[in-house]
Amino acid sequence: RANSDNSGVGFGGGVTNVSGSTVNFQNSIIAGNTNVVVTSGGNFLNFDDCSGTISSLTNNIVQNANSGNCTVTGPVTIADPNLGPLQDNGGLTFTHALLNGSPATDAGNSSGCTDDVGAFITTDQRGLHRPEGGRCDEGAFEVQLGALVNVSSRLPVGTGDNGLFGGFIVTGTQPKRVVILAVGPSLPLANKLVNPTLDLYQGSTPLESNDNWIDSANKQAIIDSGFAPSNNLESAIIRTLPANNSQYSAIVHGVNNGTGIGVVQIYDLDRSVDSKLANISTRGVVQTGDDVLIGATIVLGETSRKVIVRAIGPSLNVPGKLADPTLQLVNEQGTPVDENDNWIQSPNKQAIMDSGVAPTDNNESAIIATLSSGGAQYSAVVRGVGGTTGVAVVDVFVLN
């Protein structure tokens with residue numbers, strides 16, 4: 001619970017106990033409240049968050065406790081909770097966001113994140129996820145970690161093993177609903193894939209296939225998602241996928257062995273659950289010019305995400321692999337954020353090693369970066385040194 005920006009007249013602006021009975025609170029924030037004191041000399045404000053005595057069980061913040069009319073017994077943090085203004089942060093009611101550095105972040109007691117009948121409150125006041133069995137935030141606002149969403153990869157689609165392979169993992173415990181697209185005809189490119197097909201696998205098990213999305217049994221659900229392809233020859237699959245680190249692959253080929261530049265896109269349709277898209281990877285043939293490998297992602301949520309981006313080639317166990325990949329990370333304005341040829345020569349070499357997923361070949365590339373949240377798009381571009389070509393993988397691992 002959160003209690004802020006309230007005002008009382010002659011009493012505590014946040015909580016008042018006038019009966020002398022016990023008032024208990026847990027995982028709560030009481031801050032920024034005022035008390036209008038009426039005197040013969042005029043009215044004035046006291047910054048009183050409570051009146052009378054209230055009992056703190058555990059994991060509470062009171063900004064102005066044990067001063068004036070406010071007495072708090074039990075363990076309590078007396079601090080400024082660093083709240084944002086009362087505003088629309090999503091949901092049906094206005095809320096105070098927890099700003100960066102708030103002492104309320106991850107400070108809740110998991111046993112106190114329950115309702116009156118002892119069931120876990122799995123959402124905050126906005127209806128967004130709270131961690132079950134873990135530490136929630138104190139108050140009514142649960143800070144949402146930035147999540148990789150709207151993932152896309154672009155490269156030349158060949159035949160057989162040289163198709164476009166997009167892999168991803170669903171972490172967490174709750175099923176994740178996604179829509180996956182195979183795009184080609186609508187691309188503003190001369191050598192685009194004119195008729196893509198899409199296959200979805202969980203591990204090595206085929207789950208679903210689609211050629212033309214307009215013929216899908218789930219056509220209406222695809223339309224309702226807001227991400228229906230703009231060309232009827234493009235493909236789409238909408239599906240709810242089990243989590244628990246399950247691995248999935250979306251594979252794009254051309255009808256009748258057609259070739260050309262294609263794009264695979266994965267859109268997260270439900271960010272209210274605890275599951276996330278993670279460890280995104282794309283494999284295909286890197287050529288030159290516009291025919292390079294491009295992996296893009298958007299981070300949504302309320303905090304940034306630290307990631308490692310890799311360009312893998314020499315260590316692949318496939319024929320025709322790219323012998324020496326380079327990697328460039330650019331923002332949505334096309335401005336380079338960082339670039340790397342051989343990861344072993346990176347100024348962040350130790351951090352790459354500490355990530356646990358350093359490339360196994362010194363000619364492969366890696367970048368560690370913190371991606372801003374709020375919808376900014378980042379693209380990882382893989383090329384071959386000296387215009388060389390071959391099969392490569394670009395992948396993104398979430399580190400925090």
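These exercises treat the sheet and the nonpolar cores of a predicted model.

Residues are numbered from 1 along each chain as its sequence is written, and side-chain values use heavy atoms, without hydrogens and water. Local features need pLDDT of at least 70 and side-chain atom pairs count only at pLDDT 80 or more, while totals for chains, interfaces and linings use all residues.

**Exercise 1.** State the order of the eight strands in the open sheet and find the edge strands.

*Solution.* Strands are DSSP runs of E, at least two residues, numbered from the N terminus. Two strands pair if DSSP finds at least two bridges between them. The order is S18-S17-S20-S15-S22-S29-S24-S27, with antiparallel pairing. Strand S18 (205-210) and strand S27 (365-371) each pair on one side only, which makes them the edges.

**Exercise 2.** Describe how S17 and S18 pair.

*Solution.* Strand S17 (residues 196-202) joins S18 over five bridges in the antiparallel sense.

**Exercise 3.** Which residues have the most contacts inside the largest nonpolar core?

*Solution.* A nonpolar core is a set of buried (under 20% relative accessible area, 1.4 Å probe, protein chains only) Ala, Val, Leu, Ile, Met, Phe, Trp, Tyr and Cys residues joined through side-chain atoms within 4.5 Å. The largest has 41 residues, and Phe168, Ile180, Val252, Leu327 and Val382 have the most contacts inside it. Beyond four places in sequence, Phe168 touches residues including Ile180, Leu241 and Tyr248.

Conventions: Buried means under 20% relative accessible area, exposed over 50%, partly exposed in between (1.4 Å probe, protein chains only). Contact means heavy atoms within 4.5 Å. Helices (H or I, at least four residues) and strands (E, at least two) are DSSP runs, numbered from the N terminus.
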